[in-house]
Amino acid sequence: MVFCVFILAALAHAQTATEQRYYAPLNSVAAFVEYSNSSSHIILGDDRQRKFAGLALAYQRRISADHWMAWDYSAEIRPILVESDPTYRGALITGTVGGRSYVSDDRYQFQIPIMNTGDFHDRSISGTLLDGTPFTEQVHNYIGRRWTYAPGVTPACFSVHLLPARPVQVFLTSTGGFLISPRDIPEFKTSAFNFTFSFGGGVEWFRDHRRSWTIEYRVQHMSNKEIGFNNPGVDSQFVRVGYRFGF
C-alpha cells in the first residue's frame with residue numbers, strides 16, 4: 001500500500017512539473033466559433049459557393065510533451081452548424097419579336113440547389129428569325145440560398161503544438177468526422193449523412209498554463225462517400241476562433 005501511494009505521488013509530481021514547465025494542460029475543454037464564406041475545388045469537391053457557420057465544443061487530452069512539441073488528441077461536437085447552398089428559382093424573360101413585346105415570369109415555389117451560380121448569369125440575346133424578323137431577349141435568373149441545419153461529431157482530432165514551453169505556439173491539426181442533416185446536402189439526390197475530414201493549423205496564445213485563445217485555419221472536405229445517388233463533394237476554408245480552459 002505504501003509503495004502504491006509513493007508511485008501515485010511520484011506520478012502526480014511529474015505531471016505537475018510537466019504542466020508548470022510547458023503550456024500543455026493534460027486535459028482541457030474548449031469552445032469555438034467557425035465560419036466558411038464559400039467553397040471551391042481545393043481537394044476533391046466540385047460544388048461551389050457553399051457557406052458554413054457554427055459553434056463547436058471540444059475535449060482535448062495531452063498525449064505527450066517535450067521541449068520541441070506537444071501531441072494532443074481531441075474530440076469535438078458541432079451542435080450548432082448550418083450549411084448554405086445557392087439555389088435556382090426560375091427566370092424572368094422579356095423580349096421583342098418584330099416590334100411586339102412579351103414577358104414570361106416563370107418563378108418556382110421551391111428552390112433547386114445548384115452546383116454554382118456561374119451557369120446562371122443574366123444574359124441578353126438579339127438576332128433575326130429564319131424569316132428575317134428581328135428579335136431581342138433578356139433573361140434574368142432568380143438566384144437564392146437555402147440554409148440547412150447540419151450538426152456533426154468529429155471523434156478523431158489530432159494536433160501537434162510546436163515549442164510548448166512558449167506561451168505563444170504554432171500548431172497543426174487534422175480531423176475526421178461526420179454531419180447529419182434533415183435533408184440532402186449539398187444538392188438533391190445526394191445524402192443527409194456526410195463524412196468530413198480536415199487539416200490546417202493556427203496559433204494558440206496561453207494567458208497562463210491553463211487558459212488560452214486560439215485562431216485557426218482549416219480546409220474541410222465534405223462527402224457522402226458514394227452512399228448517395230450523387231456525390232459532388234464540398235471543399236471549404238474555415239476560420240475558427242476559440243477559448244480553451246485546462247484542468
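Which residues is Phe 238 in contact with, leaving aside its neighbours within four places in sequence? In this predicted model, the list is Glu 34, Tyr 35, Ser 36, Phe 52, Arg 78, Glu 216, Tyr 217, Arg 218 and Gln 220.

Phe 238 also belongs to the largest nonpolar core. That core has eight residues. Phe 52 is one of them, and so are Leu 81, Ala 150 and Leu 179. Ile 185, Met 222 and Val 234 belong to it as well. Two elements give two or more residues to this core: strand S8, residues 168-185, and strand S11, residues 234-246.

Stay with S11 for a moment. Ser 236 has its place in this strand. Is Ser 236 buried or exposed? Its relative accessible area is 1%. Buried means under 20%, so Ser 236 counts as buried. Not counting residues up to four places away in sequence, Ser 236 touches Ser 36, Ser 38, Ser 39, Phe 52, Arg 218, Val 219 and Gln 220.

Now turn to S8. S8 pairs with strand S9, residues 191-206, in the antiparallel sense. The pairing runs over 14 bridges. Five residues lie between the two strands of this hairpin. Among them, Lys 189 takes a positive phi near 60°.

Phe 195 leads on to the next strand. Its bridge partner in S10 is Ser 223. S10 covers residues 211-223. S9 and S10 pair in the antiparallel sense over 12 bridges. The hairpin that joins them passes through four residues.

Notes: Residues numbered from 1 in each chain as written. Predicted model: local features only at pLDDT ≥ 70, side-chain atom pairs only at ≥ 80, totals over all residues. Heavy atoms only, no water. Core = buried A, V, L, I, M, F, W, Y, C linked by side-chain atoms within 4.5 Å. Buried < 20%, exposed > 50% of the residue type's maximum accessible area, 1.4 Å probe, protein only. Contact = heavy atoms within 4.5 Å. Pairing = 2+ DSSP bridges.
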